[in-house]
Structures are given as structure tokens and as C-alpha cells.
Amino acid sequence: MMGIWDLYFVTKLVLYLGHYIDFHVFANLAFALFLFIPIRHAWIRLIRQVLAIPIGVALFYYDTWFPPFSSVMLQASQLQQFDLTYLMELLGRFIHFPIVATLGLLYAAYFFVRKKIPVSPLVLLAMLVPLLPIATQPSAVTASPPTTDPSSPVTDKVLTASLESFYKYEASRTTSFAPPGKADIPFDIIFLHICSLSWDDLNFVKEADNPLFKRFDIVFTHFNAAATYSGPSIIRVLRGSCGQQQHGRLYDPINAQCQTFNNLQQIGFESQLALNHDGQYGNLLADISQRGGLQATPFNNSGIPPYLKSFDGSPIYDDYTVLSKWWMNRLTLPAPRVALYYNSISLHDGNRSGNHSSNSLQTYRPRLTRLLADLDRIFTQLHASGRRAVVVFVPEHGASLRGDKMQIAGMREIPTPLIGIVPVGIKLIGLPENAAQELLIVSKPTSHLAVTKLLSDFVRGNLFGVSKLDLAEYVHHLPATEFVAENEETIVMRRGGQYFLRTKTSAWVEYDPDGHR
């Protein structure tokens, strides 16, 4: 008999049936049989129990959706930078009270039943449940563009081929920038790259109708940020002049044609950089300069009092104050055209006000409403200055506020559509009053290439110099990009209305984006 180890397997089966973990049947059966085989000698049984503990821990981790342990060890240095308050908050998120209550009842029943009947054989039988054909077979899927045979069944081979076709297609796409004409009216380009905001986050905190979004001229409702962490997200937005790259390629030598800010500089835009943080965590400044190709000294935030304390204890500055101070400085510069990359981490998980230890998930909404109000004020300040500008509001990735059954709230190891599909808005500052138009919604699947194509067309089309502006014509020809989001360990791909997930150590499985905790 397995004794107390029965509860180990009961716990895993409950979590599996609730879709909180996977369950590798044959690996678990082998471990169970190792524990089940009778051994006469007490000292050998003791050795088995000692060996069973690390094996059980490793097997439990293998059954979770957590990244491979090797990946966790590689990130250990970054985890060590988290302050104690944030680490305790993260640990608390693993407690899911309905599951705790269910397990508590089963444990009580176990201690009552085991006195009357042998439990271990029943547990071994229950471990065969995942092999039963109770799940429906996914329907066939197609990819567009590129496309797969609609009659092909969804197999691991078909999905892998579809992903490879996607990368091949994306590698062929670029955005080119032509210099503006001498008579063209100059304007600035301002990228507002915002950490931790997705459409799902907005819906969760009931801010999808925030007034700021009504001030945009163009809003993308199915824009895929394609990454779940700041470093890769920054590289992707700065290399947005090329089609979507594989995650590993982000760390290859830079292709100059992909560098959006380098391309803008070549046609007369002066590159500038501003952040509301120090840029040290995760070596983000290196991602910006070395991998993103933006060569600029960060704007000096000295004299601005900190607004928040980051998850690693470093200061975060007020978005309005930083941007307003930058803009006042920009107005003194002789450069006719400036391109700014601004990065904000005001919404990052774990941030708090001063020494206050409130749960950062609970403070997310007030931090969000303040950020959006700050940006609304900046739009007003830009407009009042009389200068012309194109503002690109684009989040890095979502905050994963609600989490799902595969990962806790705030965790972003699995690049799901709830994290990757972000609200992107374009605001045109300085248009003539008679050029005002209704808000344009771009609902087709897009990514960073669509933004750079739009900017290129704005420059080429003398956006602020035409007598009649037809934004719908600009939007009509934007390139579509199917949903593929990834990090070092995991890929999530959308095909034909379904989402599929693959890790380095597992085959494709279907992912349900509505499987909330």
C-alpha cells in the first residue's frame, strides 16, 4: 500500500480534473507502482521513502504548467530582486479556496475510509481516468495568411507546419520609410509603451470605456503584442518594421531594416528616449539600445518626486510629470521632427505606494485610472502647444489580472490571448478642426507591422498638409497578422478560432482562453 502517498495522487487528480495542472499518466503510474510494491525490510522501506520525496516533488512540478525548472533557475537572479512584500503577495495567489476546501473534504474522507477498505488500489484505478476518451476531438483549423488545408485534421505535425509557415511568411514582410518632401508639414512621433495592460484587464476592472479611448482617432481591438515580458516586448516594438520574429531571433544581431527608430532617424526624425523608471531591472536599457537599436540618452528625471515604489524597491515617477517635463524640453529644441520612445511601468504587478503593502492586484484599477487620466492631460497639453504629433499608445503585454486555470493572476509564463491582445490607439495632434473624424476601429488581427506601416504612410502622405484627410484609406491597407505569442519556453497560436499551446517539452494541446480561475 502507498499509505500517505495516496493523498499525493488524489491531490493531483483533483487539480487535473479542475484543469489546473496536467497529469502524465504513465510517469505517475510508474511512481505509484514504485511506492505500491511491498517491501519486507524496514530499512529498505525507509530508503524508498527518502528517495520518493524528491521524485514526488519533481513529478508534481513536471505535471504543472510552470516553466521548466531550468528556466526558473536562469531567472533566479531576477527573482532575488523582488522585495519581500511582493514575494509574499505572489505566494498568496497560489491559494485557491474552493480547491483547498475540496481537498480538505477528500482528506477527511480518506482518513475515515482507509480504516474500512484499502484505498491505494482505488487510487491506482483513478489514475487511469485521464486516458479515457472523454474529450471531444478538436475540429480542423486553417491559417490565414498563410493557410493550411482546411480538411486536414488538427495534429501536432499540422500545427507545427502551420507555425513554420507563419514564421516564413512574416520573415518576408517589411515596412519602408521614404523621406518627407521639403514642403511637408513636420510632426513628431510619440510612442507610449505601457507595461501590463490588455483588453481583458480593462474589461476585468471595467475600464474598457474609459474616456481616453474615445479621444483616439484609431483603435486596434485585436492587436497582438506577441510577448508577455517587458524585454521581448520592447525589442518587438522597436523592431516593428519587420514581420514578427521567433522569440529566439530577438537576441540575434540586429537587422537595420527592422529598427523603426533608426529608420525614422534616417528620414529626419531625432530619436529620443524617456522612462518613468531607472531601466535597470531586467537590463531593459540594453534591450532598448543593443537589441532594439534606439541610441539615445534617457531623459533626465531628476527633480521629479517618486510616485510609486516598484516590485524591486526602485522608484517609479508620475507619468504626466515625466511626459510634461519632456514635452516642455522638446519645445525648446530646433529639431523639426522628433521620435520619442516612452516606457511606463506604472501598472506593473507588485508596485505600491511608498511603504504601503496593499495587494497590487487591488490597487491596479486606481493606478490604471490615474495613468489614463495622466495621458489625457498630456494629449490636452500637446494640443495646446500648437505643434503636430502622432501619438502611438501601445501596451507591452497584459497584466493577467484574473489569471486562468493554467497560471495564477499576475503570472505570464503562458502567452495567452488574455495577455497578448492589447488596446492600441493612435492619436493625431494638431489636425485642423474641420478634419475631425469619427473613431476608426481596426478589428482584424494585427501586430507591430501595422503600426509602422501606418506611420510610414503618414510620413509619405504629408498627413498634416492635405486638404482632406481620409483616415479610412490609411487603415484599409494595413497588414494583418495572425495570433502567435511566445516566450522562451511556450508558444500559443490561434488557428480557425481555436488556440493551441506548445512548450519545449510537450506537444500541442488546445488552450481555452475562457478557462478562468
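These legends walk through close-up views of aromatic rings in a predicted model.

**View 1. Phenylalanine 216 meets phenylalanine 379.** A search of the whole structure turns up 24 aromatic pairs, and here is one of them. The ring centres of phenylalanine 216 and phenylalanine 379 are 5.8 Å apart, and the ring planes make an angle of 75 degrees, so this pair is edge-to-face. Now follow the chain: phenylalanine 216 belongs to the loop between α11 (211-215) and β2 (218-224), while phenylalanine 379 belongs to helix α16 (residues 364-385), so the pair ties together parts that are 163 residues apart in sequence.

**View 2. Are phenylalanine 216 and phenylalanine 379 buried or exposed?** Phenylalanine 216 has a relative accessibility of 3% and counts as buried, because buried means under 20%. Phenylalanine 379 is buried as well, with a relative accessible area of 1%.

**View 3. Phenylalanine 483 meets tyrosine 499.** In this pair the ring centres lie 5.5 Å apart with the planes at 85 degrees, so phenylalanine 483 and tyrosine 499 are edge-to-face. Phenylalanine 483 sits in the loop between α19 (471-476) and β10 (484-486), and tyrosine 499 sits in strand β12 (residues 498-503); the pair links distant parts of the chain, 16 residues apart. Both phenylalanine 483 and tyrosine 499 are buried.

**View 4. Arginine 377 over a ring.**

Methods
Residues are numbered from 1 along each chain as its sequence is written. This is a predicted model: local features need pLDDT of at least 70, side-chain atom pairs count only at pLDDT 80 or more; totals for chains, interfaces and linings use all residues. Side-chain values use heavy atoms; hydrogens and water are left out. Rings of Phe, Tyr and Trp (its six-membered ring) pair if their centres lie within 6.5 Å; planes under 30 degrees apart count as stacked, over 60 as edge-to-face and the rest as tilted. Helices (H or I, at least four residues) and strands (E, at least two) are DSSP runs, numbered from the N terminus. Buried means under 20% relative accessible area, exposed over 50%, partly exposed in between (1.4 Å probe, protein chains only). A charge sits over a ring if NZ of Lys or CZ of Arg is within 6 Å of the ring centre and within 35 degrees of the ring normal.
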